[in-house]
Amino acid sequence: MVNVANDRDLRDVELPSATAATSPAVRELVAGLSLERLLSLPSLAGARVATTVADTGAVLTRASRLGGPDAPLPGCAGHLVVVPADVLAQHEAQDHDVVATLAAAGAAALLVTGSATASTAAADELEATRERAALHGIPMLVLDAGEPDAVVTEVLGALLDQQTAILARVDEAHRILVDVVLAGGGLEDLCERLAGFLGGAAMVTSTDGRVLAEAGSEQALAAAHALDCFDRTGRLVTEREAVGIRPPGTPSSGRALVRIVAGGVGHGLLAAFVPDRSLTADDVHLLERAATVAALAITKEQAVSAVEGKYRAEFLRDALAGRAGAPAEALLHAAALGWDIDRPLVVVVAETDEDDEHTSRTSEEVTDLQQRFSRAWSRAMAVRDPRAPVMGFSQEVVALFAVAADADTDTVMRSVGEVVRVVRGDGGGGRRTFSTGVSRPVESPADLPRAYEEALSAVSVGRQLNGDGSVAHFDQLGIFRLLALVPDSADLRRFVEEALGPLANDDVPEHADLRTTLSILIDTNMNVAETARLLFFHYNTLRYRIAKLERMLGPFTTDPQLRLKLALALKVHQMRGI
């Protein structure tokens, strides 16, 4: 009997490196027992492959013996089914298509024993069976002599040794991965070890699919990211990907995902992508063991980050409130925390659109969503600028965004917009919509309180103008930021109704068109020809509309004060929630 556990390839104390070629012996261990290794068993000495398919790469999970025509067919999915030649003849005599039956049951291979002592008729039946096996694509082995029970016993023993070796290897891998974490390694080191063991690429993602760590060759990583399970932002679309093993032979059988869970709380996913084979249940078992190690690394990192985050949050809160001390002192304190604020910055405030103070969610769910929101911003900013301050406060996340000294508003908004798109992704993983406000640039920590107020105003007014999910710069708000300072929206509503009269509502469909005409007339400084061109109206049609507007609102074409009043009313009407 072959003692797989004593193979020399299994005695190395380290896992293969991510850059080295994966050991075939290791890959076989994970994949299962092949016919090629089966043929080396003593009881199968002299066995030959009789079918033309000669699929010696088939994987066996069990072995069983086929009884006579009256015996029940054993469950044989993945089995080597041993059939004595005389028993095969009995089935054929009763018109039993043994090969078709075994193929339908998922048998991995067929072994016919005692063919040398079979009769001439049995030999003919053996040839017919060989042809059917080739037709069904089942490897068929023929053994002229041999005891069927001895073959089954030895095959089962080899499979038991195989499983023992797999468990020993998984335990060894688990020990090595734990040692990586205990030695101070992180998720990147863990992924590197796992990619070396399985081949291909390994990744750790957040619960919503953001890649936290990855390892593997450049080709393996590129092939993994090109799969349809990643969106255009590089996020693993976890809501469409099942965890666990995939059916072999399918397009997705070369990847597997397992959850990283600690204390009943999900911390993310561990994924493996192997391009040249199907991942097996043994691979998934190894991934599950590695996921427990990843949970250890994540919880350790979270414990350290919680302490560091407490001090960072306190400093940033003080800086935004003007309590961080003199600028030189604030710069030194920030540098000690790993932040660089000695450069031109804008304050970016991202605030969730859902009101957490009036929600049906539980406090635990709200806290989890807010932490996820904060982590998404931290990761997105870390890719762009690892030394940029980013912290979450209640419903908002505040980031100090470095900009070029000569950057204009459009350039700043493009840069901020790129990070916003990364955080939003495709809206998966339970993420909520959020609005973003951007301040004017500041040169000194002493100006951060002013910039923070500007960013808050940009969030509030931007949401009023453009709805949830808006991205606004303080300089783009214009007169709206003054209107937003009016505390009582009822006063603004009364002003709109008094100024616009019937045009303040949409009871009549024509009112919206008339408001548009009035707005463009005011924007063009009462240039009738230009307004007609912009609205695609005939000149006389526009003159008729102007006369109608003056009957409803008064002589705004000749009264500049009335025009100012109407312009303000139109701006207020444009704001939401008024």
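Does Gln-370 count as buried or exposed, and at what relative accessibility? Gln-370 counts as buried, at 10% relative accessibility. The cut-off for buried is under 20% relative accessible area. The model is predicted.

**Gln-370 and its surroundings**

Gln-370 sits in helix H11, which covers residues 363-384. Its contacts, apart from neighbours within four places in sequence, are Thr-352, Asp-356, Ser-394, Gln-395, Glu-396, Val-397 and Arg-432.

**The protein overall**

The secondary structure comes to 19 helices and 16 strands. The protein has 578 residues, and 47% of them are buried. Consider contacts with a separation of 6 or more: residues 24 or more positions apart account for 67% of these.

**Helix H3**

H3 runs over residues 85-93. Its buried residues are Ala-85, Val-87, Leu-88, His-91 and Glu-92. Seen down the axis of H3, they fall within an arc of 160°, so they line one face of the helix. The face turned away from that buried side carries Asp-86 and Ala-93, both exposed. Just after H3 comes Asp-95, with a positive phi of about 60°.

**Packing around H16**

Two packed helices are described by the angle between their axes and the distance between the axes. H16 spans residues 510-523.

| Helix pair | Angle | Axis distance | Crossing |
|---|---|---|---|
| H16 (510-523) and H17 (528-535) | about 135° | 9 Å | right-handed |
| H16 and H19 (560-574) | about 125° | 10 Å | left-handed |

Take H17 to begin with. H16 packs on H17 at about 135°. That angle makes H16 oblique to H17. On the H16 side, Thr-516, Thr-517, Ile-520 and Leu-521 make the contact. On the H17 side, Thr-531, Leu-534 and Leu-535 make it. By class, the residues of this contact divide into 4 nonpolar, 3 polar and no charged.

Now H19. H16 and H19 pack at about 125°, and they are therefore oblique to each other. From H16, the contact uses Arg-515, Leu-518, Ser-519 and Ile-522. From H19, it uses Arg-563, Leu-566, Ala-567, Leu-570 and His-573. This contact has 5 nonpolar, 2 polar and 2 charged residues.

Most residues other than glycine have a negative phi. Asn-525 is exposed, because its relative accessible area is 62% and the cut-off for exposed is over 50%.

Phe-536 also has a positive phi, of about 60°, and is not a glycine. Phe-536 is found in the loop between H17 and helix H18 (539-553). With a relative accessible area of 76%, Phe-536 is exposed.

**Summary**

Gln-370 of H11 is buried. In H3, the buried residues line one face, while Asp-86 and Ala-93 are exposed on the face turned away. H16 is oblique to H17, and H16 and H19 are oblique to each other. The crossing with H17 is right-handed; the crossing with H19 is left-handed. Phe-536, in the loop between H17 and H18, is exposed.

Notes. Residues numbered from 1 in each chain as written. Predicted model: local features only at pLDDT ≥ 70, side-chain atom pairs only at ≥ 80, totals over all residues. Heavy atoms only, no water. Axes fitted to C-alpha atoms, helices over the stretch in contact; angles between N-to-C directions. Helix = DSSP H or I, 4+ residues; strand = E, 2+ residues; numbered from the N terminus. Parallel < 35°, antiparallel > 145°, perpendicular 65-115°, else oblique. Left-handed = near helix turned anticlockwise from the far one by under 90°. Contact = heavy atoms within 4.5 Å. Nonpolar A, V, L, I, M, F, W, Y, C, P; charged D, E, K, R; others polar. Buried < 20%, exposed > 50% of the residue type's maximum accessible area, 1.4 Å probe, protein only. Arc of directions from axis to C-beta.
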